[in-house]
Amino acid sequence: MKRMKSLLVSAVAGATLLAGTQIAQAGESKTNPIMGIPSAALARFGGEYGVHNWVESLFYYIMLDNRINYIFKEFGNVDRQIALNTQLETMVLGGPNEYQGASMSAAHADLGITMTQFNAVVEAAYNACERNNIAYYTCNHLIAALAPFTRVIVTK
Ligand code: HEM
């Protein structure tokens with residue numbers, strides 16, 4: 001129940017960011033151009049190294065989850081996905097690096113991913129934040145920035 005509440009709160013936070021409204025935090029004025037994410041967000045993740053640790057934890061929780069791990073076992077390449085997700089998430093958080101993988105629509109087109117499976121990955125993302133001591137506020141910025149991909153990733 002607590003988890004469902006978290007997902008709901010994140011969805012609302014995502015919608016708020018998408019609407020162009022910034023979530024304010026005391027003493028924070030600068031924002032990156034991407035999705036109104038505060039310029040401090042990447043540093044709060046621990047830079048690219050911290051994002052890499054977060055992505056490793058994300059895949060740890062994904063592979064423990066019987067609702068979705070079989071998809072990654074059958075179609076995924078976890079090492080490649082950890083490397084590419086580190087690039088993508090660092091970039092989304094305002095890092096200077098470039099994402100070198102496939103587009104989100106091309107990568108997920110044939111997988112028939114449902115909203116329930118997508119939410120299971122979001123759950124793993126929050127668990128990875130907790131595991132890496134990343135504050136809920138900062139975690140929400142990344143989740144909200146990735147939320148727009150839902151419409152091309154969820155095809156079923
Ligand atoms: C916002 C959420 C998501 C992001 C940011 C994301 C990101 C990525 C990235 C960066 C890749 C690598 C693309 C490449 O190999 O060039 C990938 C591939 C993949 N993703 Fe996702 N993903 C998301 C959601 C999901 C969900 C919900 C599932 C399944 C439940 C999933 C399953 C897979 C699989 C199986 C692959 C490998 C596809 C292949 O190599 O053919 N992803 N994803």
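What pattern does the protein follow when it is read along the sequence? The pattern is α-α-α-α-α-α-α-α-α, and the protein accordingly holds 9 helices and 0 strands, where helices (H or I, at least four residues) and strands (E, at least two) are DSSP runs numbered from the N terminus. This is a predicted model, in which local features need pLDDT of at least 70 and side-chain atom pairs count only at pLDDT 80 or more, while totals for chains, interfaces and linings use all residues. Residues are numbered from 1 along each chain as its sequence is written, and side-chain values use heavy atoms, with hydrogens and water left out.

Of the 156 residues of the protein, 44% count as buried, a term that means under 20% relative accessible area, with exposed meaning over 50% and partly exposed lying in between (1.4 Å probe, protein chains only). Among contacts (heavy atoms within 4.5 Å) between residues at least 6 apart in sequence, 69% join residues at least 24 apart.

The ligand carries an iron atom, whose only protein donor is H108, through NE2 at 2.0 Å; donors here are N, O and S atoms within 2.8 Å of the metal (3.2 Å for Na, K and Ca), and since water is not among the atoms, sites may look incomplete. H108 itself belongs to helix α6, residues 104-108, and an N or O atom in the side chain of H108 is also 2.9 Å from a nitrogen atom of the ligand. Such pairs are polar contacts, that is, pairs of N or O atoms within 3.5 Å; within protein, one must be able to donate a hydrogen and the other to accept it, and residues adjacent in sequence count only if both atoms are side-chain atoms. Two further pairs involve oxygen atoms of the ligand: a polar side-chain atom of R80 lies 2.7 Å from one, and a backbone N or O atom of A102 lies 2.8 Å from one.

Around the ligand stand 23 residues, the closest being R80, Q81, N85, A102 and H108, where a residue is counted if one of its heavy atoms lies within 4 Å. This shell divides into 16 nonpolar, 6 polar and 1 charged, with Ala, Val, Leu, Ile, Met, Phe, Trp, Tyr, Cys and Pro taken as nonpolar, Asp, Glu, Lys and Arg as charged, and the others, Gly among them, as polar. At least two residues of the shell come from each of α4 (69-75), α5 (78-92), α6 and α7 (115-131), and α5 gives the most, with 5 residues.

Helix α5 has 15 residues and reaches 20 Å from its first C-alpha to its last, close to the 21 Å expected at 1.5 Å a residue, the expected span being 1.5 Å times one less than the number of residues. Its buried residues include N85, and what covers the buried residues of α5 includes α2 (41-44), α3 (47-64), α6 and α8 (136-146). Just after α5, G94 takes a positive phi of about 105°.

Two buried residues complete the picture. I68, in the loop between α3 and α4, counts as buried because its relative accessibility is 1%; leaving aside neighbours within four places in sequence, I68 is in contact with I62, Q117, A120 and V121. T150, found in helix α9 (residues 150-153), is buried because its relative accessibility is 17%, and T150 touches M115 and F118, not counting residues up to four places away in sequence.
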